[in-house]
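Subject: Structure handover

Hello,

Here is the structure I promised to pass on. Please open it alongside this note.

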Amino acid sequence: MKAIVYDQYGPPEVLKLADVQKPVPNDNEILVKIKAASVNFGDITARDFKSMTPRKFNMPFLFWLPAKMAFGANKPKIRVLGSEFAGTVEAVGKGVKRFKQGDCVFGYRGSSFGSYAEYLCMPEDGLVAIKPAALSFEEAAGVPYGAITSYNLLKKAHIARGKKVLVNGASGSIGSFALQLAKHYGADVTGVCGTKRQAFVKALGADRVIDYTKEDFTQSGETYDLIIDVLGKLRFSQCKNALNKNGRVLYASFKMRQLIQAIGTSIKGGRKVICALSTDESAQNLEIIRDLIEAGHIKTVIDKSYPLNEAADAHRYVESGQKLANVVLVTQ
């Protein structure tokens, strides 16, 4: 089968189309014929992880060292990138009960990667579910990571109807789903993004959109019950004035400073810092997301699609900063 492989860290040019062995499912696995795979931040990071210093890494040093060992210190241990996918079940192991041949599925591989290929195997109890019928394969491939992460973030924050929520980084994968889910749960939502992404964020359902290049929301005098900082760019001291008395700042990405603040504020009353140390990446949560999509509460948008053999071009586009919503590779 065809797959995009990389045998050294570096720029997009290290990604090459190659023939690799087609996987065979074990008794508890399904063989998925990939139709589309998203290109996300994790893929970009893993492709050039050798240059990822602790300072650049979007998590504390304690997480960087195990990641360095997992990815490979000098060259990649995993040759095929891609963590999100959508496709059809081509074969099932003899012990599989949840799926059958021909099912349309979507899922998330996490740090196992492997979806930049024509086929992959997934455990039956892995993060895979029947694809939303309302979505194309391309659209479905961009859903799992951002939607499940956002769903878990909002559960940690105990989101409720009438709450005032601000999403800093509302145009990205996590931010766009967090905005939509918060609206679904009845919150009043403000999205923060750059100038060219304002119309997109408004179309997702934001009650208000703030252009961060023109306005600093922390100095506006407006206060919120919850501030979700997707990329962890804001210090807690910056956010304090924008929080209500018992407001919370929720970091999807964070450094050691924010982790220490989370521990400290958990002891005290009033405003709190919450760090997303872990998420419940279960098939059950993915099925909840699917049902919300089918009910029309969540939508996803494709910016650009590339054929599999143009993976390097897709990476260059994502790294250019021009990406709006999802970029996907199409295998068929």
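Below is what turned up, going from the cores to single residues.

This is a predicted model, so a few limits apply: local features need pLDDT of at least 70, side-chain atom pairs count only at pLDDT 80 or more, and totals for chains, interfaces and linings use all residues. Residues are numbered from 1 along each chain as its sequence is written, and side-chain values use heavy atoms, with hydrogens and water left out.

**Cores**

The largest nonpolar core has 46 residues. (A nonpolar core is a set of buried Ala, Val, Leu, Ile, Met, Phe, Trp, Tyr and Cys residues joined through side-chain atoms within 4.5 Å. Buried means under 20% relative accessible area, exposed over 50%, partly exposed in between, with a 1.4 Å probe and protein chains only.) Val143, Val165, Leu226, Ile228 and Ile289 touch the most other members. Helix H5 (residues 173-184) gives this core its largest share, six residues. (Helices, H or I with at least four residues, and strands, E with at least two, are DSSP runs numbered from the N terminus.) A second, separate core holds 30 residues, among them Ala37, Phe57, Ala67 and Leu308.

Leaving out residues up to four places away in sequence, Leu226 touches Leu154, Ala157, Ile159, Lys164, Val165, Leu166, Arg248 and Leu250. (Contact means heavy atoms within 4.5 Å.)

**Strand E8 and its partners**

E8 is largely enclosed by the rest of the structure, because four of its five residues are buried. Five bridges join E8 to strand E9 (residues 188-193), and the two run parallel. (Strands pair if DSSP finds at least two bridges between them.) Asn168 has Val192 in E9 as its bridge partner. The chain goes from E8 through H5 to E9 in a right-handed β-α-β crossover. (Right-handed: with the strands pointing away from the viewer, the path from the first strand over the helix to the second runs clockwise.) E8 also pairs with strand E11 (residues 224-229), again parallel, over four bridges. There, Leu166 is partnered with Ile227.

**Around H5**

Ser171 sits in the loop between E8 (164-168) and H5. Ser171 counts as buried because its relative accessibility is 13%. Its contacts beyond four places in sequence are Ser176, Cys193, Arg197, Phe200, Val201 and Ala325.

Gln180 lies in H5 itself. Gln180 is buried too, at 4% relative accessibility. Its side chain reaches the backbone nitrogen of Lys299 at 2.7 Å. (A polar contact is a pair of N or O atoms within 3.5 Å; within protein, one must be able to donate a hydrogen and the other to accept it, and residues adjacent in sequence count only if both atoms are side-chain atoms.) Gln180 also touches Leu204, His297 and Ile298.

**Helix H9**

H9 (residues 283-294) has 12 residues and reaches 16 Å from first C-alpha to last, close to the 16 Å expected at 1.5 Å a residue. (The expected span is 1.5 Å times one less than the number of residues.) Its buried residues include Ile289 and Leu292. Their cover includes strands E5 (104-108) and E7 (128-130), helix H4 (144-156) and H5. Just after H9, Gly296 takes a positive phi of about 85°.

**Tyr6**

Tyr6 is in the loop between strands E1 (2-5) and E2 (16-19). Tyr6 is buried, at 2% relative accessibility. Its side chain reaches the backbone oxygen of Ala46 at 3.2 Å. Tyr6 and Leu81 are 75 residues apart in sequence, yet 8.2 Å apart in space, C-alpha to C-alpha.

Best wishes
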